[in-house]
Amino acid sequence: MAAFGSVAAAMILNSSVYAEDIRGQGVAERQYDGYTAQGVRVGSFVLRPSLTVSETYDSNVFASDTGEVSDFVTEINPNVVFESDWASHSLRLEADLEQSLYASAGSEDATDWTLGASGGVDVLRDTQVRVGLLYGALTVNRGGPEEVGSAAEPTKYKIFDGSIGLTQRINRLSVDVDAGYTDLDFDDTPLIGGGLDENDDRDRSVLETAVQVGYQLVGDTIVFLRGTYNERDYDLDTPAVAVNRDSDGYEIVAGASFELGSLATGEVFAGYQEQSFDDPSFSPVSGVAYGASVDWYVTPLTTLRFSADTAIEDTTSGGASAFQRQTLGVGVDHEFLRNLVASLDLDYTEEDFAGSVRKDEIYGVAVGIDYLIDQVFSIGVFVGYDERDSSIADLSFSREVVGVRLRSAL
């Protein structure tokens, strides 16, 4: 950490560009002409290619409670965004690839990729239609709640996601209708010593619809009432599997979104949620639903971030029907110079498995600093700590990560 401080001090002393007094925008979101990539104009579109390369030390690669194994991982992440620059309507295409290469633990090497498209059509001045599509192949984090300790390599899966939405405004009143479909297809996981953990019982599709009615009180403050309904359909049913995990559920919340000038922006809501299961041996899971995402501009150079979220998540762990996840987070971004920004994040998550004695608590802390060299290049260093404290002893673990990343963008 002493070396980290020396680097930061050197950056401050050697830079002649000082922080600018700006309010009403998060520190990490600011864009300065001398340090923000402009993209490559292609007619009425803008092409935004980027490449991020990082080197990270991970103290517990396998997220194990005993016999921790450390390693270095090199991550190579090219990304391309091609988006419109039209006065009305919008179109955005994105391709993302992330290659993870471990120095010793070759079993953990992974290649994740996604292809996405989204767009909007301004049918009328107060009527907009939006659509989105995404397809990709991803890897489940070793510390995920569903992962088994005897896995010889991380679990991989494919995802397809499609959505469509409509917004209609009538004076101060607004109505948003959204529908989304997600399909998850998990590969079998090789086990240590041979054999496979067959994951066909995790394959599923989720259909979700939501209706939100909002009313503009004053300025940029909108109060709203939102109802969401979901259907979760697993590919396998009894007798192919022991239990039928199909379910349906709903969430009803009331809240407000706001922009309080140069003081704060965000959204908060609270309500009730419930998930019911087709299998009679599973009791419904219900509870308070709440969420928040708030940025408080404490000073022109410091932004405090608050977040909260609850959800009822699927699981195939033991005899549990689902687990309720509650997450709270706080972060701070500080701009030492307009091209030197530091951040600190603290997170707490609780996962309570219904119908099981299992209950997990996850703690996380991350510190980072980014130095923007010019419009093309930036460099950052980061330190993090994660810990899962589970009532199931062999599912607990902790890990430390330390890394450096270099990013280039046009």
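This is a predicted model: local features need pLDDT of at least 70, side-chain atom pairs count only at pLDDT 80 or more; totals for chains, interfaces and linings use all residues.
How many bridges pair strand 2 with strand 3, and in which sense? Residues are numbered from 1 along each chain as its sequence is written, and side-chain values use heavy atoms, with hydrogens and water left out.

Strand 2 and strand 3 (residues 71-84) are antiparallel and share 14 bridges. Helices (H or I, at least four residues) and strands (E, at least two) are DSSP runs, numbered from the N terminus, and two strands pair if DSSP finds at least two bridges between them. Ser54 faces Glu75 of strand 3. Strand 2 also runs antiparallel to strand 21 (residues 397-409), to which nine bridges join it; here Glu55 sits opposite Val404. A further antiparallel pairing, over three bridges, links strand 1 (residues 40-42) with strand 2 (residues 45-58). Val42 has Phe45 of strand 2 as its bridge partner. Two residues lie between the strands of this hairpin, and Gly43 adopts a positive phi near 65°.

Turning to charged pairs, the model contains 24 salt bridges, each defined as a side-chain nitrogen of Lys or Arg within 4 Å of a carboxyl oxygen of Asp or Glu. One of them joins Arg30 to Glu335, with the closest N and O atoms 3.1 Å apart. Because Arg30 lies in the loop between helix 1 (2-14) and strand 1, and Glu335 in strand 17 (residues 322-337), this pair ties together parts that are 305 residues apart in sequence. Both Arg30 and Glu335 are buried, where buried means under 20% relative accessible area, exposed over 50%, and partly exposed in between (1.4 Å probe, protein chains only).

Arg325 and Glu351 form another salt bridge, their closest N and O atoms being 3.0 Å apart. Arg325 belongs to strand 17 and Glu351 to strand 18 (residues 340-353), so the pair connects parts 26 residues apart in sequence. Arg325 is partly exposed at 23% relative accessibility, whereas Glu351 is buried at 2%. Salt bridges with shared partners join Glu313, Arg325, Glu351, Arg358, Asp360 and Arg388 into one network.

Finally, Ser174 is found in strand 8 (residues 173-186) and is buried, because its relative accessible area is 15%. Leaving aside residues up to four places away in sequence, Ser174 touches Gln168, Arg169, Gln212, Val213 and Gly214, a contact being heavy atoms within 4.5 Å.
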